[in-house]
Amino acid sequence: MINVELGASASINVTVMSVELFRLSIEAEPLVIIGHNETINIILNDYPAISVHVNLTLQGCINDTTMVMANTSLSLGFNRECALLINASAYALTGEAISYWDYLNLWINNTVGYYDGYPLILNGTITAYATFLNGSEVPATVLINGSTTLTPRYLGLITITLSINYLGATNESTVSAYVIPPTYFEAEKILSELGNPQFLNATVSNAIMSGNWSLVDEIINEYQASSRPYDPLAQLSRYLLVQAIMSGSVSKISLVNAILRYELLIYTVLILIIILVMVALHRVRARSRKS
């Protein structure tokens with residue numbers, strides 16, 4: 001304490017204190033999900049602890065300069081993709097941090113299309129990944145139902161949970177999807193070649209939703225088996241199959257299946273009939289010559 005004499009009858013006491021400022025730092029999350037708030041802590045290491053004003057500058061998501069007390073907290077949140085540079089200064093000390101507001105968008109790797117808004121994923125081992133809003137991939141593992149991979153046990157509708165934790169930010173999403181076999185591509189090809197007939201389109205849609213692809217597989221197998229251009233029975237089968245698809249007649253599809261299945265037997269019978277006819281004609285001619 002210092003005593004200052006101002007005159008014969010007046011004096012004031014002035015208190016002098018020695019304070020050491022060691023470090024000024026900012027605690028902030030490096031990544032924050034858009035729409036969420038983060039708490040920014042302004043931390044001053046000093047001795048003894050006193051109230052010190054800190055100049056705070058924010059640049060990026062917002063541009064602002066203000067003064068706050070050391071060892072206080074701010075809560076900030078933004079509804080768009082942006083970066084926030086935070087700079088604090090007090091006397092000769094400075095601190096800096098940067099936070100990014102972005103989405104962790106979750107995706108399934110095996111997605112080959114969409115049906116009624118739901119992803120179509122090929123059966124087999126499923127993996128997932130995450131991207132930021134700009135499309136770049138997040139360098140972190142996305143879990144599927146808590147594991148890095150998932151192998152569906154059946155076709156049709158499934159519901160899975162995707163989750164990720166990256167730089168302190170987490171995102172979790174429940175996704176419904178249809179598991180489909182590779183024959184889906186063959187069915188789409190036939191649909192395109194035939195002009196998207198209503199019956200086949202409905203059959204494929206039912207297979208996607210139910211997971212029962214037996215009728216679609218039958219149509220695909222018969223369509224491919226009847227593609228031989230120099231085989232009369234195959235050409236007949238293709239004609240009947242196309243007519244059955246156009247008219248939506250399942251019974252005619254079964255007829256095509258029978259023709260293709262017993263094609264060798266049918267040809268054998270036809271050859272025998274031709275031989276018998278030829279033999280009969282030969283006998284008739286022979287009798288005519290004798291008479």
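**Figure 1. Helix α1 passes helix α3 in a left-handed crossing.** In this predicted model, α1 (residues 183–193) and α3 (residues 214–225) pack at an angle of about 65°, and their axes lie 10 Å apart. On the α1 side, the contact is made by Thr183, Glu186, Ala187, Ile190 and Glu193. Val216, Asp217, Ile220, Tyr223 and Gln224 make the contact from α3. Five of the contact residues are nonpolar, two are polar and three are charged.

**Figure 2. Helix α3, its length and its buried residues.** The helix has 12 residues, which at 1.5 Å a residue should span 16 Å. The C-alpha atoms at its ends are 16 Å apart, in agreement with that expectation. Val216, Ile219, Ile220, Glu222 and Tyr223 are the buried residues of α3. Among them, Val216, Ile220 and Tyr223 also take part in the contact with α1. An α-helix has 3.6 residues a turn, so residues three or four places apart point the same way.

**Figure 3. An open sheet of five strands with the order β4-β10-β9-β6-β7.** The pairing in this sheet is mixed. Strands β4 (31–33) and β7 (64–69) stand at the edges; each has a single partner strand, so one side of each is left without a neighbour in the sheet. From one strand to the next, the twist averages 25°. Strand β6 (residues 53–60) runs antiparallel to β9 and is joined to β9 by six bridges. Glycine 60 stands opposite leucine 84 of β9.

**Figure 4. The hairpin of β9 and β10.** Strand β9 (residues 82–90) pairs with strand β10 (residues 93–102) in the antiparallel sense, over nine bridges. Two residues lie between the strands, and tyrosine 91 takes a positive phi near 55°. Serine 89 is placed opposite threonine 94 of β10, and alanine 88 opposite glycine 95. The covered face of β9 consists of Cys82, Leu84, Ile86, Ala88 and Ala90. Its uncovered face carries Ala83, Leu85, Asn87 and Ser89.

**Figure 5. An open sheet of five strands with the order β12-β13-β17-β16-β15.** Pairing here is mixed. The edges are formed by β12 (111–115) and β15 (143–144); each has a single partner strand, so one side of each is left without a neighbour in the sheet. Within the sheet, β16 (residues 156–166) and β17 (residues 169–180) pair in the antiparallel sense over 11 bridges. Isoleucine 164 stands opposite asparagine 171 in β17. Strands of a sheet pair through backbone hydrogen bonds, either parallel or antiparallel.

Technical notes: Residues numbered from 1 in each chain as written. Predicted model: local features only at pLDDT ≥ 70, side-chain atom pairs only at ≥ 80, totals over all residues. Heavy atoms only, no water. Pairing = 2+ DSSP bridges. Helix = DSSP H or I, 4+ residues; strand = E, 2+ residues; numbered from the N terminus. Axes fitted to C-alpha atoms, helices over the stretch in contact; angles between N-to-C directions. Left-handed = near helix turned anticlockwise from the far one by under 90°. Contact = heavy atoms within 4.5 Å. Nonpolar A, V, L, I, M, F, W, Y, C, P; charged D, E, K, R; others polar. Expected span 1.5 Å × (residues − 1). Buried < 20%, exposed > 50% of the residue type's maximum accessible area, 1.4 Å probe, protein only.
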